[in-house]
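Please read the following briefing alongside the sequence and the coordinates.

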Amino acid sequence: MKEMMKALVFPSDWRVELIDVEVPRPGPQQVLAEIRCVGICGSDVGIYQGDHWIVAHGPGGHGHETGAVAVEVGRDVEGIQPGDHLARMGAGYAQYSVETNVVGHGRDEKFGALPIVRNDLTVEEISFADAVGCALNCAERAELERIEGRPAKALVLGLGPIGLILTQILRGRGVEVAASEPYRHKRALAEKYGARVFDPNQFRRSTHGRKTYADHIKEEFGEADAVFEMVGSNETILDAIDLVRPGFRVLVFGAQKMQLIPYEKCRKKGVELVYPEAMVNSKDDVDYWNAALDLIAGSGGKKLELEELITRRISLAEAVNAFEFYDRGEWIKILVEPFRN
């Protein structure tokens with residue numbers, strides 16, 4: 001009888017199940033890894049709800065924010081030993097996996113790609129690599145280094161995990177940052193990192209009259225050289241276009257299937273709409289896995305503050321209810337630990 005493991009599967013929209021399934025066996029160019037932790041990403045929630053373009057029905061689902069340990073190494077694999085701490089494993093809502101995640105979309109899209117060994121980091125730290133890489137990609141695609149003679153200004157709309165990490169990265173580069181977020185505890189973190197924060201829920205006609213929320217931010221902070229849309233809302237994209245400096249960039253990272261863009265306003269302002277692709281800078285054909293892991297390790301500067309982003313640590317069984325009752329407002333990062341009882 002073959003060895004069995006626990007795993008989540010997402011067979012259809014609004015369904016997630018905890019099942020027993022055979023432990024996968026590694027091929028000659030694969031590594032079998034024990035998944036120690038995997039973060040629930042907003043894309044996973046979107047896949048569960050059926051409103052994301054990614055489909056992931058197999059055991060382990062789309063789980064890509066993984067921290068893992070090598071258990072068995074294929075005969076043709078070099079440089080990886082059992083016990084090594086591994087980054088970029090995919091199909092992570094399971095106790096074991098052989099899937100490699102390259103671009104942050106949950107499955108390997110580069111033939112022969114292997115996980116990355118980082119024994120200098122804990123598996124929990126490694127699980128943030130995907131989110132940090134996405135934030136780095138957003139920061140790089142903004143190309144704020146072209147600003148000369150004054151500090152660059154950026155506005156982050158939405159303070160989920162990637163928005164909060166992005167705020168830290170931008171502040172570390174000397175960028176003036178403002179952030180918009182309706183939830184107080186998330187604003188408090190961004191303020192701690194040095195950002196100026198705005199609460200859209202405090203904006204009322206009774207206090208602001210005909211002025212829009214975007215007008216309010218422009219009066220208090222000014223137009224930004226880069227506006228990062230991290231929410232996945234068409235309304236937020238419209239705000240971002242209104243808030244960006246003419247000729248500069250709106251970075252659209254929040255996921256949605258369809259967007260309505262105001263052509264006339266974009267053209268008159270000369271707005272550049274940029275869509276960063278997860279971990280990969282499509283413009284420069286580079287990925288940010290190693291850069292993200294180095295940043296997490298604190299190479300060349302201050303370490304990112306990641307521990308305070310973790311709201312809860314839960315088991316695979318508890319994750320079933322976490323998907324059903326997911327609280328985007330109160331929760332920041334939920335870590336699933338497949339071997340937790």
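Is Lys333 buried or exposed, judged by its relative accessibility? With a relative accessibility of 3%, Lys333 counts as buried, where buried means under 20% relative accessible area, exposed means over 50% and partly exposed lies in between, using a 1.4 Å probe and protein chains only. This is a predicted model, in which local features need pLDDT of at least 70 and side-chain atom pairs count only at pLDDT 80 or more, whereas totals for chains, interfaces and linings use all residues. Residues are numbered from 1 along each chain as its sequence is written, and side-chain values use heavy atoms, with hydrogens and water left out.

**Surroundings of Lys333**

- Lys333 lies in strand E17, which covers residues 333–336; strands (E, at least two residues) and helices (H or I, at least four) are DSSP runs numbered from the N terminus.
- The side chain of Lys333 reaches the backbone oxygen of Ile40 at 3.0 Å.
- Not counting residues up to four places away in sequence, Lys333 touches Gly39, Ile40, Cys41, Glu65, Phe128, Pro161, Leu309, Ile310, Thr311 and Arg312, contact being defined as heavy atoms within 4.5 Å.

**Nonpolar cores**

- The largest nonpolar core has 73 residues, of which Ile165, Leu170 and Phe228 touch the most other members; such a core is a set of buried Ala, Val, Leu, Ile, Met, Phe, Trp, Tyr and Cys residues joined through side-chain atoms within 4.5 Å.
- Helix H3 (residues 129–142) supplies the largest share of this core, namely 9 residues.
- Once neighbours within four places in sequence are left aside, the contacts of Phe228 include Cys138, Ala139 and Ala142, together with Ala154, Leu155, Val156 and Leu157, and also Leu166, Leu170 and Leu251.

**Salt bridges**

- Side chains of opposite charge can pair when their charged atoms come close.
- A search of the whole structure finds 26 salt bridges, each being a side-chain nitrogen of Lys or Arg within 4 Å of a carboxyl oxygen of Asp or Glu.
- Glu223 forms a salt bridge with Lys269, with the closest N and O atoms 4.0 Å apart.
- This pair links distant parts of the chain, 46 residues apart, since Glu223 sits in the loop between H7 and E11 while Lys269 belongs to helix H9 (residues 263–269).
- Glu223 is partly exposed at a relative accessible area of 27%, whereas Lys269 counts as buried at 15% relative accessibility.
- Arg15 and Glu17 meet through their side chains in a salt bridge at 2.0 Å, N to O; Arg15 counts as partly exposed at 39% relative accessibility, and Glu17 is likewise partly exposed at 29%.
- Another salt bridge joins the side chains of Glu305 and Lys302 at 3.7 Å, N to O; Glu305 is partly exposed with a relative accessible area of 22%, while Lys302 counts as exposed at 68%.
- Glu143, Arg249, Glu272 and Lys283 are linked in a network of salt bridges.

**Gly222 and its loop**

- Gly222 is found in the loop between helix H7 (213–220) and strand E11 (224–229), and counts as buried at 18% relative accessibility.
- With neighbours within four places in sequence left aside, Gly222 is in contact with Lys153 and Ile217.
- Gly222 and Val71 are separated by 151 residues in sequence and by 53 Å in space, C-alpha to C-alpha.

Technical notes. Polar contact = N/O pair within 3.5 Å; in protein donor to acceptor, adjacent residues only side chain to side chain.
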